[in-house]
Amino acid sequence: MISTTFASQSVYLLNDAPDWGSPVGVTFDLVTQFEEGLTGREARRPHAATLRAKLKFRLTIQGTDAFTFKTALRAYQTQPIIVPFWPLTETWANRANIAATGLKVAYKADWSTWELYTTVEPGWVLADDLVAPAFWGRLEDREMVWLNATVAQFDVNFTETGSTTYALIPGSQTFQPGPNLAGYAINLRLWPTALDWREVPESFSVRIIREQLGFGRAPFETIYPQTNVREAQFRTITQSSAECWKLIRFFSDHGAGKAFWTPTWHSSAVMAADLGAGSTVLTVQSAVGILPGDYLAFVQGTGIVNYARTTTISDPTVNLASAPGAFTAADTVVATLVLARFEKPRLGLEFVMGSLAQGAVSVVELPPEYSPAGDETLGTTIGLLTTRGYIYELAQTIGVTTTTTRLTSYEADLTASGNTYTARRMDHGMVKQSLFLDRDEIEIRSEVVAGDPLVKLATVQAEAPVRLTIKSVDVSGSNGSNDTVLFTGDIIGLSVRGSKLTAKAVSAGTVFDRIYPRFRMQIGCNHALFSTGCGLSSAAWQFTATLSNPGTVGYPFTFDLTSLTRTIGSVPTITAGWFSGGWVEFQSGANLSRRAIIDNTAPVSGALTITLARDPSPFPPPFSTVKLFPGCDGSKTTCTDKFANYANFGGHPFLPATNPSLVKVSQNVGGGKK
């Protein structure tokens with residue numbers, strides 16, 4: 001294992017090849033959601049576009065290689081591991097056989113020279129050097145087994161975790177079209193690879209709800225209108241790298257729930273005579289396994305050669321809607337062709353040696369999609385739906401400036417409504433709703449990222465409340481469309497544990513926590529400074545200064561300023577503490593930071609020192625311009641003398657400190673011993 005740096009990140013490259021004494025296993029997964037109704041109709045919604053891989057194989061290493069590997073394991077913590085896709089290694093001269101994009105590694109046979117790359121090929125490679133696709137991820141196990149003092153075995157259990165830039169994306173392939181069905185824009189494709197004929201289980205399922213009522217022997221049964229579903233399992237084999245890439249691409253296209261045609265891989269009828277080139281009359285030994293309207297596949301050798309649909313049956317004659325071509329009875333298997341999907345969004349392959357691989361496949365028939373009901377639309381209500389992603393907007397408003405951080409839980413950055421949403425490891429829970437508006441809430445979870453508005457909230461550095469908007473979008477490539485708002489509300493609570501942040505948002509924010517009535521009988525002013533009731537404009541009371549010395553991060557949070565001026569009007573007499581209760585703004589845009597002023601010194605030739613509640617974030621550079629605004633303690637004296645705004649004073653300065661209608665009653669309480 002080689003310790004190196006790639007894309008400015010420390011990584012390990014696992015350059016030890018499998019010993020091939022046991023198969024090299026790879027499992028590909030796709031992220032999708034299946035939802036099935038009681039009548040068997042289902043919708044399948046992808047939530048990602050790229051394959052996720054897991055590798056399993058055994059290493060047998062000795063001598064220096066074993067000791068190097070052990071040393072690497074001792075230092076390995078969370079660094080990415082890069083593992084070549086060993087079974088599909090090619091010589092550099094035949095690198096075009098790697099029908100995929102993503103991360104690759106080129107190397108000489110002795111690993112004296114090697115290079116990782118994605119798109120730009122290295123220039124030093126010779127024709128007989130080697131190149132392989134590579135995966136970026138982590139090792140799940142770290143246990144070595146020493147067979148003797150110098151020989152060790154290690155079972156690699158690898159999970160891919162890399163970005164879409166490094167993901168294995170198989171190149172386009174041509175698949176044979178199958179029968180055309182109403183509702184589908186194109187002919188669905190036929191299964192592309194050969195069958196391992198050792199065993200082909202087939203089952204038939206129907207959804208029945210059974211409930212025991214009373215003490216009788218027979219349960220109460222409920223069955224909704226549906227067609228029995230055929231489920232089949234078979235093993236497929238590949239004997240070349242081209243067949244491997246074709247199978248991987250087929251799974252990439254169909255694994256998330258897209259329908260395809262596959263034979264049941266066993267005879268539905270045995271041909272009693274050869275079928276002529278233009279004939280539509282199939283003669284079989286017995287037609288009891290075929291029904292009118294069935295699709296039949298004619299299988300020879302490595303796969304499906306052609307297909308036809310039955311019209312009428314008069315045993316032993318089966319009439320076909322079209323002529324499939326010439327087939328000899330001795331060399332042809334007539335199997336039922338079914339419309340199916342992968343049972344799970346997963347494909348497992350075992351490579352015995354090189355590109356020779358076998359894999360178990362489970363498929364499920366889709367009876368409702370042969371002829372969709374009138375109230376269903378393929379691709380909209382049933383079948384494979386559009387890929388969906390979720391986008392998150394975190395908005396903060398400071399003064400008249402709103403800063404929005406846009407994120408997405410999708411596997412890559414998305415562009416929606418002209419905005420870019422950055423991929424982030426995050427998600428959200430269910431929206432909890434009730435009749436009370438202040439109880440509508442949702443929980444979001446996110447990785448901790450420095451400078452993020454949620455992190456600022458958690459560390460009490462947020463400049464303003466954070467408003468959350470969650471939307472769903474239909475994803476095509478890197479574009480999102482058809483924005484739909486799922487939730488909007490204010491973040492009111494956060495917790496951080498390790499590298500994960502959990503936040504709660506409520507739809508009404510803190511509206512229902514406000515004091516009512518808002519305007520109260522009190523000595524102090526009810527208006528906030530620069531509010532509509534106050535009448536003063538913040539622009540008229542804005543001061544600017546130059547940050548001559550920002551000091552160091554941390555307590556006592558003091559900043560030296562020079563060149564204090566007033567933006568509009570003359571500078572009044574400013575004494576110590578004149579800015580107390582006000583605020584200062586550092587920088588602008590995404591770096592805007594507003595902090596409360598606790599105290600200030602009296603200016604001397606425009607120079608003064610201000611003391612803040614805490615440091616701004618990000619910390620400002622020296623000689624940058626800052627904006628200052630004075631504070632108001634809400635008293636009549638301040639309103640009159642400092643701001644000359646008594647006409648808008650929102651308090652009752654002559655209100656008695658205590659209620660004169662209430663008189664305190666004193667009572668002497670005496671006691672004694674009995």
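# Notebook: cores, strands and salt bridges

**Entry 1: the cores.** I started at Phe69, which touches Met1, Leu14, Asp16, Leu59, Ile61, Met144 and Phe154, leaving aside residues up to four places away in sequence. A reminder to myself: this is a predicted model. Next I looked up where Phe69 belongs. The largest nonpolar core has 90 residues, and Phe69 is among the six that touch the most other members, together with Phe28, Phe57, Phe85, Trp191 and Phe351. I also found a second, separate core of 25 residues, and its members include Trp578, Trp583, Leu608 and Ile610.

Entry 2: I moved to strand S1, residues 2-6. Which of its residues are on the covered face, and which on the uncovered one? Ile2, Thr4 and Phe6 make up the covered face, while Ser3 and Thr5 are on the uncovered face. S1 runs antiparallel to strand S2 (residues 9-13), and five bridges join them. Within this pair I found Phe6 opposite Gln9 of S2. Two residues sit between the strands of the hairpin, and Ala7 takes a positive phi near 55 degrees there.

Entry 3: I then checked S4 against S5: they pair in the antiparallel sense over five bridges. In this pairing, Phe34 has Arg44 of S5 as its bridge partner. I noted Arg44 for the next entry.

**Entry 4: Arg44 again.** I counted on charged pairs turning up, and the structure holds 22 salt bridges. One of them joins Arg44 to Glu369, with the closest N and O atoms 2.9 Å apart. Are the two residues buried or exposed? Arg44 is buried, at a relative accessible area of 1%, and Glu369 is buried too, at 2%.

Entry 5: Arg249 and Asp253 meet through their side chains at 3.1 Å, N to O. They are four residues apart in helix H2 (residues 241-254), which puts about one helical turn between them. Asp253 counts as partly exposed, at 27% relative accessibility. I then looked up Arg425 and Glu447, whose side chains form a salt bridge at 2.8 Å, N to O. Arg425 is in the loop between strand S33 (419-423) and strand S34 (426-428), and Glu447 is in strand S35 (residues 441-447), so this bridge ties together parts 22 residues apart in sequence. Arg425 is exposed, with a relative accessible area of 65%.

Entry 6: Val352, Met353 and Leu356 make a nonpolar surface patch of about 260 Å². Leu356 lies in strand S28 and is partly exposed, with a relative accessible area of 40%.

Notes
Residues are numbered from 1 along each chain as its sequence is written. This is a predicted model: local features need pLDDT of at least 70, side-chain atom pairs count only at pLDDT 80 or more; totals for chains, interfaces and linings use all residues. Side-chain values use heavy atoms; hydrogens and water are left out. A salt bridge is a side-chain nitrogen of Lys or Arg within 4 Å of a carboxyl oxygen of Asp or Glu. Buried means under 20% relative accessible area, exposed over 50%, partly exposed in between (1.4 Å probe, protein chains only). Patches are made of residues with over 30% relative accessible area and no salt bridge: like charges are joined within 9 Å, nonpolar side chains (Val, Leu, Ile, Met, Phe, Trp, Tyr) within 5 Å. Accessible areas come from the Shrake-Rupley method with a 1.4 Å probe; for residues, only the protein chains shown count as cover. Two strands pair if DSSP finds at least two bridges between them. A nonpolar core is a set of buried Ala, Val, Leu, Ile, Met, Phe, Trp, Tyr and Cys residues joined through side-chain atoms within 4.5 Å. Contact means heavy atoms within 4.5 Å.
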